[in-house]
Amino acid sequence: MRGWHPRWIAGMLRLAALGMTAVSVPAAEELVADFEGPDFGDWTVSGTAFGTAPAAGALPEQSAVGGFRGRGFANSFHGQDRATGRLTSPEFTVSRRYLSFLIVGGEEVGATCVNVTVEGRVVRSATGREDDFLNTATFDLGEFVGRKARIEIVDAYAGGWGHISADH
C-alpha cells in the first residue's frame, strides 16, 4: 500500500496507546506569597526581625543569601541574630494537599521556623539547616484540606543562627 510506511503505522499505534493511557498532570500551583511587593502586604508583622519590607538580598553583616525567587523574600536578619519577630499570613482555606516553600536559616525547632497552624495549633513546622541558600521544603496538608490555616514565619531565637528566611 503506497504511503503507509511501517514506521508511520508503528508511530500511529504508539499515539493511540498514549491516548488510552492515564497521564498524571500536575495541578496548577497556587501562590500564597512571593514577597515581591514594597511591603509584606496583608501579612501581619510583629517584632523587629523582618523589618518593614521584603529583603532584596543579604542584609548588612549577613552572608550572601541564594536560592530565592524574584526580587524579594522574607528575611529576619534585620537587627542581625539578636532581633526577633514573626510574619503571619492572613487566614486561608487549605485547598491543596501539598504546600511547598523555600526556607533557610537557623534550625532551632519552634524558634527559627516556618509553621502551618490550623485552628491556632501548629500542625507542621520546618527549620533551616544553618546555611544561607534557600531550599525547598514541602508539607503534606492532605488531612487539613477544606480547613482554615495560617502560615507563620517565626524568629524567636536571639543566639547564633537566630534568623530565618522564606520565599514562594
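Colleague: Which residues of strand 6 point one way, and which the other way?

Modeller: In this predicted model, Thr 112, Val 114, Val 116 and Val 118 point one way from strand 6, Cys 113, Asn 115 and Thr 117 point the other way, and all are buried (under 20% relative accessible area; exposed is over 50%, partly exposed in between; 1.4 Å probe, protein chains only). Strand 6 covers residues 112-118; strands are DSSP runs of E with at least two residues, numbered from the N terminus.

Colleague: What does strand 9 do with strand 6?

Modeller: Strand 9 (residues 148-155) pairs with strand 6 in the antiparallel sense over seven bridges, where pairing requires at least two DSSP bridges. Thr 112 has Asp 155 as its bridge partner in strand 9.

Colleague: And how many bridges join strand 6 to strand 7?

Modeller: Six, and strand 7 (residues 121-127) also runs antiparallel to strand 6. Val 118 stands opposite Arg 121. The two strands form a hairpin with two residues between them, and Glu 119 in the turn has a positive phi of about 55°.

Colleague: New topic: how many aromatic pairs does a search of the whole structure find?

Modeller: One. Phe 101 and Phe 139 lie 5.0 Å apart, centre to centre, with 55° between the planes, which is tilted (centres within 6.5 Å; under 30 degrees is stacked, over 60 edge-to-face, the rest tilted). The pair links strand 5 (residues 98-105) to strand 8 (residues 131-140), 38 residues apart.

Colleague: Are Phe 101 and Phe 139 buried or exposed?

Modeller: Phe 101 is buried because its relative accessibility is 8%, and Phe 139 is buried at 6%.

Colleague: What should I know about the numbering and the pLDDT limits?

Modeller: Residues are numbered from 1 along each chain as its sequence is written, and side-chain values use heavy atoms, leaving out hydrogens and water. Local features need pLDDT of at least 70, side-chain atom pairs count only at pLDDT 80 or more, and totals for chains, interfaces and linings use all residues.

Definitions and conventions:
Phe/Tyr/Trp six-rings, centres within 6.5 Å; stacked < 30°, edge-to-face > 60°. Helix = DSSP H or I, 4+ residues; strand = E, 2+ residues; numbered from the N terminus.
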